[in-house]
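Please consider the following structure and the explanation that accompanies it.

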Amino acid sequence: MKNVNKVRIMAFAGVIIAMNIVLARLVAINIGPTLRITVSQTPVYLAGFWFGPVVGGICGFLGDLIGSLLQGYAPNPLISISAILAGVIPGVFRHVMEKKPELWKVLGVLAIHGVVGALGFTCVGLHIYYGTPWSVLYATRIVQTIMLTAVNSVLVFFLYKSPLTGFVKRSMAEGKGSIQRINTADKSMK
């Protein structure tokens with residue numbers, strides 16, 4: 001009976017992955033082969049803050065993998081690591097948001113992902129895959145990373161403070177309540 005919460009988490013994760021794919025593949029501005037303006041990581045960041053690093057990382061990975069396959073190209077393992085980190089890093093720092101969510105905290109967590117993921121693993125992956133010179137990659141991606149970190153921070157902050165987070169937490173608590181009611185009923189039947 002403990003599967004009730006697992007099923008709920010999987011349902012939320014499925015929606016988050018779908019949102020990531022739609023935002024990354026359909027609602028994005030592609031500027032050349034190595035630069036894309038999109039807020040597709042917003043749902044993955046939220047998955048990390050809501051469910052922790054494991055679920056957040058899985059959402060990031062599956063969003064990247066499925067999105068790549070839908071567009072007809074093989075996923076780049078280094079870019080996939082960056083996508084995984086988009087869920088893992090907020091998951092590791094989720095305790096910061098549970099106490100008192102503040103914009104500067106979200107900005108700090110997302111900046112870590114910007115440096116390690118976007119400017120780290122993604123740049124290395126793009127350099128290896130396309131052979132783009134480092135100076136060209138960093139000249140464009142630093143501006144992109146700063147801009148997207150700011151925009152994503154605002155989106156994540158307001159979505160986290162919205163009724164959406166309350167809905168997610170209530171859904172998870174109801175799942176735990178269902179488990180407790182079932183366990184109580186099982187004990188009373190014995």
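In this predicted model, Lys-100 has a relative accessibility of 52% and therefore counts as exposed, since the limit for that class is over 50%. Lys-100 forms a salt bridge with Glu-102, and the closest N and O atoms of this pair are 3.8 Å apart. Glu-102, at 24% relative accessibility, counts as partly exposed.

The whole structure contains three salt bridges. Another of them joins Arg-94 to Glu-98, with 3.4 Å between the closest N and O atoms. Both residues belong to helix α5 (residues 94-99), where they are four residues apart, about one turn of the helix. Arg-94 is partly exposed at 25% relative accessibility, and Glu-98 is partly exposed at 44%.

A salt bridge also forms between the side chains of Glu-174 and Arg-8, at 3.9 Å from N to O. This pair links distant parts of the chain, for Glu-174 lies in helix α8 and Arg-8 in helix α1, 166 residues apart. Glu-174 has a relative accessible area of 47% and is partly exposed; Arg-8, with 25%, is partly exposed.

The largest pocket has a volume of about 910 Å³. It is lined by 40 residues, of which Arg-36, Thr-38, Ile-79, Thr-122 and Arg-141 are the closest to its centre. Elements that contribute two or more residues to this lining include α1 (3-25), β2 (35-37), α4 (77-92) and α7. Helix α6 provides the largest share, eight residues. By class, the lining comprises 17 nonpolar, 19 polar and four charged residues.

The second largest pocket has a volume of about 220 Å³. Among its 14 lining residues, Ile-16, Met-19, Leu-46, Trp-50 and Leu-164 are the closest to the centre. The elements giving two or more residues to this lining are α1, α2 and α8, and α1 gives the most, with five residues. Here the lining divides into 13 nonpolar residues, one polar residue and no charged residues.

Two or more residues of the patch come from each of α7 (134-161) and α8 (163-189). The largest share, four residues, belongs to α7. Met-147 is located in helix α7 and counts as partly exposed at 39% relative accessibility.

Technical notes: Residues are numbered from 1 along each chain as its sequence is written. This is a predicted model: local features need pLDDT of at least 70, side-chain atom pairs count only at pLDDT 80 or more; totals for chains, interfaces and linings use all residues. Side-chain values use heavy atoms; hydrogens and water are left out. Buried means under 20% relative accessible area, exposed over 50%, partly exposed in between (1.4 Å probe, protein chains only). On a 1 Å grid over the protein atoms alone, a cavity is a set of points where a 1.4 Å probe fits but cannot get out, and a pocket is an open set with protein on both sides within 12 Å along at least five of seven lines; lining residues have an atom within 4 Å of a point. Grid points are joined across faces, edges and corners, and a volume is the space filled by probe spheres set on the points. Ala, Val, Leu, Ile, Met, Phe, Trp, Tyr, Cys and Pro count as nonpolar, Asp, Glu, Lys and Arg as charged, and the others, Gly among them, as polar. A salt bridge is a side-chain nitrogen of Lys or Arg within 4 Å of a carboxyl oxygen of Asp or Glu.
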